[in-house]
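Subject: Structure handover

Hi,

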Amino acid sequence: MMDSRGHGARGANRSESIGAPDTIYTNGKFLKVDPLFGVASAVAVRDGRFVAVGKIDEISALAGPNTAIIDLGGRTVLPGLIDTHAHVEQAGLIKYTVQLNDVTTVEQALARIGEHAGRLPKGKWVRGAQWHPVSQLAEKRFLTREELDRAAPHNPVCLPIGHFTLVNSEAFALAKITKDTPDPDGGIIHRDKSTGEPNGTLEEAAEDLVHALLPEWSDEDRDEQMKFAMRYFNQFGLTSAISAAVDPATFRAHQRVRQAGQASLRISAMYAPTGGLNPSMTIEEWELFFSRIGAASDFGDDWLSYSGVKLQIDGGMTLRTAAMRDGYPDDREYKGTIVIEPSRFNALVAAANRYGWRVGVHAVGDAAIDRVLDAYELADAERSIKGRRFIVIHGSLMRPDQMQRAKKLDVRVDAQTSFLWDKAAVVAKFLGKDTADRAFPMRTMIDIMGLKLIGQGTDYPINLLNPFVNMYVMVTRRDKNGDVYGEGERISRKEAIQLYTSAASRYSFSEDKVGSIEPGKYADMVVLSDDIMTIPEEGIKDITAVRTIVGGRTVYDGEAIS
C-alpha cells in the first residue's frame with residue numbers, strides 16, 4: 001500500500017483507505033486485544049478511526065505534512081475501556097449532593113451532612129450521592145431518623161444507598177408518611193420495633209414516596225451534570241459505558257449533549273421507562289408502551305443508543321436481601337427478597353421481548369437468577385431471544401448449572417467483581433465465607449460460558465469506578481485489606497482486559513466498532529501509567545490513565561477535571 005506521498009507500509013495492518021493520517025501515535029506498546037492479542041508499536045488515526053496499526057517505521061512512513069506525531073515514550077496502551085454496568089449520571093451529582101463515599105464512622109457521616117445542610121436555605125432538600133454505610137462505617141449500620149434530624153433539623157434529608165433510602169422527619173412530614181402509612185406494593189417502610197414509627201429507612205418501592213417529592217433538575221443542570229459525569233469517567237480510561245437504569249429525563253439530557261457535540265463517553269442505555277427498576281405500570285400499560293414507542297433496543301448511533309430495558313428481581317448481598325436457594329446461614333427459613341411477583345415478572349419480560357426489546361435484569365442471589373432464566377426461557381418459547389444477548393445483570397452468586405442454562409439461551413452475564421474490594425467481608429458476615437468465596441465466579445463463568453457472553457463493570461457509585469482496582473480484584477481475588485476470597489476464581493490479566501474491552505463491546509453489539517485496536521475501528525484508547533502485563537500484581541490497582549482518547553480526540557490528559 002502507498003500513501004499520498006508514495007511511502008510504503010507493506011507490513012502494517014491497515015485499512016483500505018487513501019490520504020495521510022491526522023495523527024500518528026508512536027513509540028507505544030499497543031495491546032491490540034484482537035483475536036491473537038497482538039502488540040503494535042504505533043497506530044495511525046484519521047477521521048476518528050484507526051487506519052493502520054503496526055511497527056513504528058511502517059506507520060511513520062504514512063505521515064503527511066499535516067500529520068501530528070505523538071510520541072508515547074514507550075507507554076502501554078489499551079483499547080478504550082468499557083464499563084458494562086454503571087449509573088453514569090450519578091457522577092454528575094458530585095457537585096450537587098453531599099458526598100459520603102469516604103466517611104468511615106457514623107459521626108463523620110453526620111458531621112458531613114450537617115456541614116452540607118448548613119450551607120443550604122431552610123427547607124431545601126439535603127440530597128446525597130449513593131454510598132454504602134454497612135460496608136463503609138465502623139458501626140456497620142444505617143443512620144437513624146433521629147440522627148438525621150439532629151444533623152439537619154431544618155431541612156428534609158434524602159440519602160439513597162441503592163435499594164434503600166435514608167430520610168429524616170422533615171422528609172417524612174413532606175411525604176405524609178406516618179405510623180399508619182401502609183407499605184406500598186414492592187416496598188417496605190422500616191419501623192421502630194417498640195413504637196411502630198418509621199425509623200428512617202425506606203426500602204425499594206417505598207423509596208418512591210420520598211423520591212417523588214425531590215424537585216426536578218433543570219435541563220441546564222442536567223446537561224452540565226452529564227458532561228461532568230462523562231469527563232469523570234474519562235479520567236479512568238473509560239471511553240464507553242452501559243448506563244445502568246436511564247429514566248426518560250436522563251435520556252433526554254444524553255440526547256441534548258450528544259446533539260451539541262459535547263459527549264466524550266459513548267453511552268448505551270438500559271432504559272427504565274418509569275424511572276424505577278420495577279415499573280409502576282400495569283401489564284396492559286407496559287405492553288401498550290412498548291407497542292407504541294416505535295423503537296426497539298439496540299437503536300441509536302455510535303454515541304448514544306438503547307441496549308435494552310432494565311428490570312429487577314431481588315436485592316443485594318450486603319443488604320441481606322439477595323434471593324437465595326438455600327436461605328441464609330443464621331436463618332435457613334429466610335431466603336431473601338423477591339421484589340416482583342413471578343407471574344407479573346414473566347409477563348413484563350414477555351411483553352418487552354414481543355416488541356423487540358431485549359431485557360436485562362438485576363439478579364444477585366442464585367434463587368433470583370433461577371427466576372430470571374425461567375422468564376427468559378418462557379419468552380424464548382414465544383419469540384426467540386437467541387442471538388439477542390439478553391442479560392443477567394450482576395449474576396453475583398451464579399451457579400454452574402445456571403451458567404449452562406444461560407449459555408444455551410445466548411444470555412450474557414455482566415458482573416462487577418469490584419464489589420469484593422470493600423464489601424467481601426460484609427458478604428461473608430451475612431452469607432458465610434464459602435458464599436463470599438464463590439461470589440462473582442469469573443473463572444468458572446469464563447470456562448463454562450466463554451468470554452463472548454461476559455463483561456465487567458462496577459455498578460458505580462455502589463462500587464469504585466476505577467477499572468484497574470476491578471482488574472486487580474479479578475486477578476488476585478484480594479480485597480482492600482489483602483484478604484483472599486475464592487482464590488480458585490482468579491483469572492488472567494489478559495482475560496481481565498478482555499472483559500473490559502473486546503468482550504464488553506458485545507453488550508451493545510459494538511464489537512465491529514470498538515473494543516480492540518484494529519484498522520477501521522474507532523480510535524478509542526487509553527494510555528497507561530504502567531505496563532499492566534508486567535507490573536507486579538499488587539501494582540495493578542495503582543495504574544492510572546495518562547491519556548484517554550475517544551474517536552481520535554483526547555478527552556482526558558492526566559490533569560484533574562473541574
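By class, the lining of the second largest pocket splits into eight nonpolar, seven polar and five charged residues. Here Ala, Val, Leu, Ile, Met, Phe, Trp, Tyr, Cys and Pro count as nonpolar, Asp, Glu, Lys and Arg as charged, and the others, Gly among them, as polar. The volume of this second largest pocket is about 550 Å³. Of its 20 lining residues, Phe 142, Phe 164, His 190, Asn 199 and Thr 201 are the closest to the centre. Helices (H or I, at least four residues) and strands (E, at least two) are DSSP runs, numbered from the N terminus.

Before going on, some conventions. This is a predicted model, in which local features need pLDDT of at least 70 and side-chain atom pairs count only at pLDDT 80 or more, while totals for chains, interfaces and linings use all residues. Residues are numbered from 1 along each chain as its sequence is written, and side-chain values use heavy atoms, without hydrogens and water.

Pockets and cavities come from a 1 Å grid over the protein atoms alone. A cavity is a set of points where a 1.4 Å probe fits but cannot get out; a pocket is an open set with protein on both sides within 12 Å along at least five of seven lines. Lining residues have an atom within 4 Å of a point. Points are joined across faces, edges and corners, and a volume is the space filled by probe spheres set on them.

The structure holds one cavity of 30 Å³ or more. The largest cavity has about 30 Å³ of space. Its lining is Phe 50, Pro 79, Gly 80, Val 514, Gly 515, Ser 516, Tyr 522 and Asp 524. That makes four nonpolar, three polar and one charged.

Next, the cores. A nonpolar core is a set of buried Ala, Val, Leu, Ile, Met, Phe, Trp, Tyr and Cys residues joined through side-chain atoms within 4.5 Å. Buried means under 20% relative accessible area, exposed over 50%, partly exposed in between (1.4 Å probe, protein chains only). The largest core has 139 residues. Trp 131, Leu 143, Leu 159, Phe 233, Met 317, Tyr 376 and Met 471 have the most contacts inside it. Helix α14 (residues 419-431) gives the largest share of this core, nine residues. Apart from it lies another core, of 15 residues, including Val 43, Leu 72, Ala 523 and Val 527.

Val 427 sits in helix α14. Val 427 counts as buried because its relative accessibility is 0%. Val 427 and Met 317 are 110 residues apart in sequence, yet 5.8 Å apart in space, C-alpha to C-alpha. Contact means heavy atoms within 4.5 Å. Not counting residues up to four places away in sequence, Val 427 touches Met 317, Thr 318, Phe 419, Gly 432 and Ala 436.

Last, helix α9 (residues 248-259). It has twelve residues and spans 16 Å from first C-alpha to last, close to the 16 Å expected at 1.5 Å a residue. The expected span is 1.5 Å times one less than the number of residues. Ala 249, Thr 250, Phe 251, Ala 253, His 254 and Val 257 are buried in α9. The buried residues of α9 pack against α2 (88-91), α8 (219-234), β13 (238-246), β14 (266-271) and β15 (304-312). Ala 260, in the loop between α9 and β14, is partly exposed at 49% relative accessible area. Just after α9, Gly 261 takes a positive phi of about 70°.

Best wishes
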